[in-house]
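Okay, thanks for coming, everyone.

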Amino acid sequence: MAKITASVYTSHVPAIGAALDLGKTQEPYWQPVFKGYEYSKQWMKDNKPDVIFLVFNDHATAFSLEMIPTFAIGTASSYQPADEGWGPRPVPVVQGHPDLAAHIAQSVIQQDFDLTIVNKMDVDHGLTVPLSLMCGQPPASDYNWPCPVIPFAVNVVQYPVPSGQRCLNLGKAIRKAIESYDDDLNVQIWGTGGMSHQLQGPRAGLINKTFDNAFLDRMIADPQGQATVPHIDYVREAGSEGIELVMWLIARGAMSDLNGGPAPTVKHRFYHVPASNTAVGHLILENN
Amino acid sequence: MSLEKNYLDVPGTTIFDAEQSRKGYHLNQFCMSLMKADNRLRFKANERAYLDEWSMTEEQKQAVLTRDLNRCIAAGGNIYFLAKIGATDGKSFQQMAGSMTGMTEEEYRNMMISGGRSADGNRVVGEDGDAQAHRQPQGKAGNKVSN
């Protein structure tokens with residue numbers, strides 16, 4: 001049977017992708033950001049999953065205002081890195097896992113979450129920056145990401161976005177779905193986005209270290225409590241775009257301790273301000 | 001019963017809800033069109049003519065022509081869509097975000113390096129933080145002059 005071995009949480013700031021792609025990682029501004037992921041890259045090599053279930057949001061790339069799915073699961077065999085206006089990021093094509101994705105779609109819909117099923121989708125920085133941070137740039141000799149990825153896009157662009165509680169419950173449903181898949185797959189679930197940031201209006205540039213660190217604490221020890229925090233608290237405390245953090249609760253809901261098992265082990269925790277307009281947060285939790 | 005909108009009293013902030021989305025539909029879809037290189041070229045060659053191909057209000061068109069992102073947002077724009085205009089102009093997210101504060105690029109960048117804008121005084125309209133209406137513009141760039 002397939003099982004979820006670990007969850008990874010990280011910001012997905014587009015400027016991080018640009019810094020990587022333009023060779024700026026050694027600049028003093030960026031050095032501390034990438035230093036925070038050195039442990040993570042080694043951990044990925046030591047704990048290579050068979051599949052990554054990657055929760056992210058599309059930033060007006062694959063989804064315009066023509067269609068705005070709240071939850072969309074990618075069931076395609078591959079996904080092209082998107083041209084977001086600067087040309088596509090120079091990273092490998094993302095390979096999907098259509099069998100497991102279709103299995104999850106069927107199971108999760110039967111658990112009363114109405115997923116949109118997507119068979120064609122370009123993936124933007126929300127998905128590729130976490131892969132770059134965790135996996136580094138694949139060598140030319142083997143120009144692939146380490147494993148297939150199931151993209152799971154959440155609407156956090158047009159308000160109202162799904163509540164924290166709904167996200168946590170969805171994570172539980174995803175766990176059930178994965179654990180009922182016959183093949184012995186080692187699956188990681190990643191939650192991305194955040195941390196505090198606001199990209200609009202005279203309040204642009206808002207950062208709240210106190211809120212962010214309390215959020216990291218609660219993601220570890222009290223995710224159920226964090227799930228009850230209403231949207232307006234994220235907006236006031238963490239900025240209008242800080243609302244992306246609800247996506248972390250989907251990954252957290254899929255962990256053992258929220259489904260009758262033991263608490264996870266914290267393998268890594270990192271926080272840094274700033275990356276462009278944004279606070280960068282990162283956690284790795286392993287199931288026991 | 002009317003909808004609960006408990007996010008209307010956050011200073012310097014417009015939440016992109018269904019109402020804003022409806023208002024900004026054509027403006028945001030125009031922005032999406034700039035993801036194609038051919039359209040970027042046509043837009044750059046004659047911005048006014050390109051905008052006239054869209055069912056946008058005159059206010060929306062003027063907001064785009066003057067690159068006044070606060071005005072674009074008031075007219076229903078969303079920053080992730082408006083970012084396509086920035087990309088067409090070769091601007092980073094930081095330059096775009098900063099342009100809405102009245103700060104120069106350097107002032108905004110320095111604020112971020114120093115830890116960003118504090119939430120204190122900026123949670124609710126009527127407090128005294130730097131994002132409040134009575135404290136605009138915040139820097140030497142001043143307010144954009146609208147046509």
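Let's start with a quick one: in which loop of chain A does A:Ala60 lie? It's the loop between strand 2 (51-56) and strand 3 (71-74) of chain A. Before I go on, bear in mind that this is a predicted model.

So, what's up with A:Ala60? Its phi is positive, about 55°, although it is not a glycine. Most residues other than glycine have a negative phi, and most peptide bonds are trans. A:Ala60 is also buried, because 22 other C-beta atoms sit within 10 Å and the cut-off for buried is 20 or more.

B:Arg67 has a positive phi of about 55°, and it's not a glycine either. You'll find B:Arg67 in the loop between helix 5 (58-65) and helix 6 of chain B. Is B:Arg67 buried or partly exposed? With 16 other C-beta atoms within 10 Å, B:Arg67 comes out as partly exposed.

While we're on backbone geometry, there are cis peptide bonds to look at. One joins A:Gly194 and A:Met195, with omega about 0°. A:Met195 belongs to the loop between strand 8 (186-192) and helix 7 (209-221) of chain A. Another cis bond links A:Val273 to A:Pro274, and there omega is about -5°. A:Pro274 is placed in strand 9 (residues 265-275) of chain A.

Next, helix packing in chain A. Two packed helices are described by the angle between their axes and the distance between the axes. Take helix 3 (residues 38-46) and helix 5 (residues 125-135) of chain A: the axes are 7 Å apart and the angle is about 85°. That puts helix 3 of chain A roughly perpendicular to helix 5 of chain A. On the helix 3 side the contact uses A:Ser40, A:Lys41 and A:Met44, and helix 5 of chain A brings A:Leu133, A:Met134 and A:Cys135. By class, that's four nonpolar, one polar and one charged.

Now helix 4 (residues 98-110) and helix 6 (residues 164-179) of chain A. Their axes come within 9 Å and cross at roughly 130°, so these two helices are oblique to each other. The crossing is right-handed. In the contact between them there are six nonpolar residues, two polar and one charged. Helix 4 of chain A contributes residues including A:Ile104 and A:Val108, and among those they meet in helix 6 of chain A are A:Ala173 and A:Ile174.

Last stop, the interface. How many residues of chain B are in contact with chain A? It's 47, against 33 residues of chain A. Helices 1, 2, 6, 7, 8 and 9 of chain B each supply at least two residues of the side that touches chain A, and helix 7 of chain B gives the most, with six. That side of chain B splits into 24 nonpolar, 19 polar and four charged residues.

Let's zoom in on B:Met112, in helix 9 (residues 105-113) of chain B. It counts as buried, with 23 C-beta neighbours inside 10 Å. Leaving aside neighbours within four places in sequence, B:Met112 is in contact with A:Gly205, A:Pro274 and A:Asn277. And there's our proline, the one in the cis bond with A:Val273.

One more thing on chain B: the assignment gives domain 1 (15-89) and domain 2 (101-121 + 128-141), with 25 Å between their centres, taken over C-alpha atoms. That's me done, thanks!

Terms used: Residues are numbered from 1 along each chain as its sequence is written. Chains are lettered from A and ligands numbered from 1 in the order in which they are written. This is a predicted model: local features need pLDDT of at least 70, side-chain atom pairs count only at pLDDT 80 or more; totals for chains, interfaces and linings use all residues. Helices (H or I, at least four residues) and strands (E, at least two) are DSSP runs, numbered from the N terminus. A residue is buried if 20 or more other C-beta atoms lie within 10 Å of its own, exposed if 12 or fewer, and partly exposed in between; C-beta atoms are placed from the backbone. Two residues are in contact if their C-beta atoms, placed from the backbone, lie within 7 Å. Domain bounds come from an automatic or database domain assignment. Axes are lines fitted to C-alpha atoms, for helices over the stretch in contact, and angles run from 0 to 180 degrees between N-to-C directions. Angles under 35 degrees count as roughly parallel, over 145 as roughly antiparallel, 65 to 115 as roughly perpendicular and the rest as oblique. A crossing is left-handed if the near helix is turned anticlockwise from the far one by less than a right angle, and right-handed if clockwise. Ala, Val, Leu, Ile, Met, Phe, Trp, Tyr, Cys and Pro count as nonpolar, Asp, Glu, Lys and Arg as charged, and the others, Gly among them, as polar.
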